[in-house]
Amino acid sequence: MEITKKTRFHKPHLAYFEHDGIYFALDGDSPNWIAADERGDWILKTLSDSMEFSQLIAAYASRFKYDTAKSWLHLETFIQDLLRHEMISASPIVRQPYQGRQHYLKPTRLHELWLHTNNSCNLTCAHCLVSSSPNGERGLPLAKLISLVDQASDLGVYRFYITGGEPFIRPDILPLIYHITETHKAEAILLTNATQFHHEKLLGELSRLDRSRLKFQVSIDGADPETNDPIRGRGSFQAAVAGIRQLSPLGFHI
């Protein structure tokens with residue numbers, strides 16, 4: 001939009017907070033948010049529907065010791081961004097009462113399902129969401145997981161994410177993968193730390209599965225052992241890289 005000296009702007013009720021020199025403004029009713037520097041934070045807090053753009057320029061120039069031309073350039077650039085991202089508006093903001101999720105979401109079918117197969121894992125990562133470890137819970141019986149896959153498939157699910165723990169700690173993970181990808185011809189995405197693929201028998205079993213339906217997401221925490229291993233354990237980076245190198249020649253998407 002074209003901004004003139006007389007233009008006024010409107011903003012919703014915003015919550016402000018700062019962390020490590022980055023300033024955040026949150027519109028909780030939208031929801032919407034931005035991150036800015038100190039000047040952006042000042043602009044948002046100073047803006048009001050009673051202030052013309054020329055008044056904002058004068059206040060900005062005085063506060064940050066810029067001339068009028070540079071102040072105009074800074075403010076117009078930032079405000080155009082605010083308008084584009086709908087953090088402010090050139091007209092009064094009118095919000096309709098929130099009518100609940102059922103009013104806005106009209107689901108017609110289930111597309112994907114996540115199966116948390118186990119809490120057991122060969123690693124003990126410092127940041128693990130479910131505190132997995134070698135002593136972690138072993139997960140639901142295979143028959144129960146198979147039943148859940150069957151029920152989900154009947155509801156239209158065509159993509160299954162398999163996560164843990166480390167799914168390949170389960171000795172019965174391959175029958176589950178086979179049931180998804182071969183019996184139901186659905187997609188399976190395995191979330192893994194990739195440290196278990198040194199077993200020739202496992203690689204042989206995987207090599208017989210459809211590459212278009214079985215995919216892998218490998219978790220590492222950095223591009224080198226110095227970053228990754230303090231979080232995931234000594235040697236875990238090299239083990240994960242080795243696992244990726246064992247899977248990749250088989251033609252899987254990783």
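## Basis of the model

Residues are numbered from 1 along each chain as its sequence is written, and side-chain values use heavy atoms, with hydrogens and water left out. Because the model is predicted, local features need pLDDT of at least 70 and side-chain atom pairs count only at pLDDT 80 or more, while totals for chains, interfaces and linings use all residues.

## Helix packing

Two packed helices are described by the angle between their axes and the distance between the axes. Helices (H or I, at least four residues) and strands (E, at least two) are DSSP runs, numbered from the N terminus. Axes are lines fitted to C-alpha atoms, for helices over the stretch in contact, and angles run from 0 to 180 degrees between N-to-C directions. Angles under 35 degrees count as roughly parallel, over 145 as roughly antiparallel, 65 to 115 as roughly perpendicular and the rest as oblique. The axes of helix H5 (residues 142-154) and helix H6 (residues 173-183) cross at roughly 15 degrees and come within 10 Å, and H5 and H6 are therefore roughly parallel to each other. In contact terms (heavy atoms within 4.5 Å), Leu 142, Leu 145, Ile 146, Val 149 and Asp 150 of H5 meet Pro 175, Leu 176, His 179 and Ile 180 of H6. The residues of this contact divide into 7 nonpolar, 1 polar and 1 charged, where Ala, Val, Leu, Ile, Met, Phe, Trp, Tyr, Cys and Pro count as nonpolar, Asp, Glu, Lys and Arg as charged, and the others, Gly among them, as polar.

For helix H8 (residues 225-232) and helix H9 (residues 236-247), the axes come within 8 Å and cross at roughly 105 degrees, and H8 and H9 are therefore roughly perpendicular to each other. Pro 225, Asn 228, Asp 229 and Arg 232 on the H8 side meet Ser 236, Phe 237 and Gln 238 on the H9 side, and by class this contact has 2 nonpolar, 3 polar and 2 charged residues. Helix H1 (residues 38-46) and helix H2 (residues 53-64) have axes that come within 11 Å and cross at roughly 140 degrees, in a right-handed crossing. Here Glu 38, Arg 39, Trp 42, Ile 43 and Thr 46 in H1 meet Leu 56, Ala 59, Tyr 60, Arg 63 and Phe 64 in H2, and the residues involved divide into 6 nonpolar, 1 polar and 3 charged.

## Pocket and cavities

On a 1 Å grid over the protein atoms alone, a cavity is a set of points where a 1.4 Å probe fits but cannot get out, and a pocket is an open set with protein on both sides within 12 Å along at least five of seven lines; lining residues have an atom within 4 Å of a point. Grid points are joined across faces, edges and corners, and a volume is the space filled by probe spheres set on the points. The largest pocket has a volume of about 320 Å³ and is lined by 18 residues, of which Cys 128, Gly 164, Gly 165, Ser 219 and Arg 232 lie nearest its centre. Its lining divides into 7 nonpolar, 9 polar and 2 charged residues.

A search of the whole structure finds 2 cavities of 30 Å³ or more. The largest cavity holds about 40 Å³ of space, and strand E2 (22-27), strand E3 (32-36) and H1 each supply at least two residues of its lining, which by class has 8 nonpolar, 1 polar and 1 charged residues. The second largest cavity holds about 30 Å³, and its lining includes Asn 228, Arg 232 and Ser 236; H8 and H9 are the elements that give two or more residues to this lining. By class, the lining of the second largest cavity has 3 nonpolar, 5 polar and 1 charged residues.

## Backbone geometry

Most residues other than glycine have a negative phi, and most peptide bonds are trans. A cis peptide bond joins Ser 30 and Pro 31, with omega about -15 degrees, and Pro 31 is placed in the loop between E2 and E3. Another cis peptide bond joins Gly 164 and Gly 165, with omega about 25 degrees, and Gly 165 is in the loop between strand E5 (159-163) and H6. Asp 20, although not a glycine, has a positive phi of about 55 degrees, and Asp 20 lies in the loop between strand E1 (15-19) and E2.

Methods. A crossing is left-handed if the near helix is turned anticlockwise from the far one by less than a right angle, and right-handed if clockwise.
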